[in-house]
Number of protein chains: 2
Amino acid sequence: MSVTGGGRVAVKALLFAGETRVFGPGKADLLAAIDRTGSISAAARTLGLSYRRAWLLVDAMNRDFGEPLVATASTGATLSDAGRAALAAYRRLEAAVSDAADVAGGELLAMLAPRST
Amino acid sequence: MSVTGGGRVAVKALLFAGETRVFGPGKADLLAAIDRTGSISAAARTLGLSYRRAWLLVDAMNRDFGEPLVATASTGATLSDAGRAALAAYRRLEAAVSDAADVAGGELLAMLAPRST
């Protein structure tokens, strides 16, 4: 995130398989919330998603990746090793594109009108 | 854009001034279309926007940047020097974050399930 006089560049990294969007900031936040809360329903609640929506997202991730990212049991849900690895790799990707935006975005940010707030 | 076994990372760079989104891929494409066609209405048509929507986007850009990006006259519309500079700076920003995604996205792409198509 680049800041110059109140302006900033936000970058969104989206993974596609063919034409299908398979991963992005929303699913990353869902994985992080499951890791934190230990359940899909608690994770859904903290993110303001319905349980059904969160479950469908988990189900899609588990099929789109080579190994399931979330392991579910009657006692709750946890990230698999693959889930932890995918979340960490996505956060690294986000950091890398954000760093690149910090470097490359300054020129454009400097062209914005000054703002009174 | 990074490609590994049918997967790719797409990156979207969005400029904010405070909480307001002031520039992104849609406005960049509109500037490019105005530059190509010489009019807001022709540019709107090529992008599938209403004239009103395109005009509002141009008006917002002209106020959000330090200098107007689009000059309008009875004969049509052209990019100002600032408009050309902003479009070029945004394309450079896009290229930089895309290059970063190519480098940093491989690890995550390699974790996707193989696809039959």
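Me: In chain A, the axes of helix H1 (residues 25-37) and helix H2 (residues 40-47) come within 8 Å and cross at roughly 125°. Why are H1(A) and H2(A) called oblique?

Reply: The model is predicted: local features need pLDDT of at least 70, side-chain atom pairs count only at pLDDT 80 or more, and totals for chains, interfaces and linings use all residues. Residues are numbered from 1 along each chain as its sequence is written, while chains are lettered from A and ligands numbered from 1 in the order in which they are written. Now the angle. Axes are lines fitted to C-alpha atoms, for helices over the stretch in contact, with angles from 0 to 180 degrees between N-to-C directions. Under 35 degrees counts as roughly parallel, over 145 as roughly antiparallel, 65 to 115 as roughly perpendicular, and the rest as oblique. The H1(A)/H2(A) value is roughly 125°. Therefore H1(A) and H2(A) are oblique to each other.

Me: Which residues of H1(A) and H2(A) meet?

Reply: A:Asp29, A:Leu30, A:Ala33, A:Ile34 and A:Thr37 come from H1(A), and A:Ile40, A:Ala42, A:Ala43, A:Thr46 and A:Leu47 from H2(A). Contact requires C-beta atoms, placed from the backbone, within 7 Å. By class the contact has seven nonpolar, two polar and one charged residue. Nonpolar covers Ala, Val, Leu, Ile, Met, Phe, Trp, Tyr, Cys and Pro; charged covers Asp, Glu, Lys and Arg; the others, Gly among them, are polar.

Me: Is the crossing of H1(A) and H2(A) left-handed or right-handed?

Reply: Right-handed. A crossing is left-handed if the near helix is turned anticlockwise from the far one by less than a right angle, and right-handed if clockwise.

Me: What makes H1(B) and H4(B) oblique?

Reply: The axes of helix H1 (residues 25-37) of chain B and H4(B) cross at roughly 130° and come within 10 Å. H1(B) and H4(B) are therefore oblique. Their crossing is left-handed. B:Ala28, B:Leu31 and B:Ala32 of H1(B) touch B:Gly83, B:Leu87 and B:Tyr90 of H4(B). That contact divides into five nonpolar, one polar and no charged residues.

Me: Why do H4(A) and H4(B) get another label, roughly antiparallel?

Reply: The axes of helix H4 (residues 81-104) of chain A and H4(B) cross at roughly 150°, and they come within 8 Å. H4(A) and H4(B) are therefore roughly antiparallel. The crossing is right-handed. Among the residues in contact are A:Arg92, A:Leu93 and A:Ala96 of H4(A), and B:Arg92, B:Leu93 and B:Ala96 of H4(B). The count is 14 nonpolar, no polar and two charged.

Me: What makes S2(A) and S2(B) a pair?

Reply: Strands pair if DSSP finds at least two bridges between them. Strand S2 (residues 7-17) of chain A and S2(B) have 11 bridges, in the antiparallel sense. A:Gly7 stands opposite B:Ala17, and A:Arg8 has B:Phe16 as its bridge partner. As for the names, helices (H or I, at least four residues) and strands (E, at least two) are DSSP runs, numbered from the N terminus.

Me: How many bridges join S2(A) to S3(A)?

Reply: Three join S2(A) to strand S3 (residues 20-23) of chain A, and the two run antiparallel. A:Ala17 bridges to A:Thr20, and A:Phe16 stands opposite A:Arg21. This hairpin has two residues between the strands, and A:Gly18 takes a positive phi near 60°.

Me: How many residues does each chain give to the contact between A and B?

Reply: Chain B gives 40 residues and chain A gives 40. Strand S2 (7-17), helix H3 (51-64), helix H4 (81-104) and helix H5 (106-109) of chain B each supply at least two on the chain B side. H4(B) gives the most, with 13. By class, that side has 27 nonpolar, six polar and seven charged residues.

Me: How do you know that the copies meet through the same surface?

Reply: 100% of the interface residues of chain B are also interface residues in chain A, so the surface is the same.

Me: Why speak of a two-fold rotation axis?

Reply: Copies are superposed by least squares on the C-alpha atoms of residues with pLDDT of at least 70 in both. A rotation of 180° with 0.0 Å of shift along its axis puts chain B on chain A, with RMSD 0.0 Å. The two copies are thus related as by a two-fold rotation axis.

Definitions and conventions
Two residues are in contact if their C-beta atoms, placed from the backbone, lie within 7 Å.
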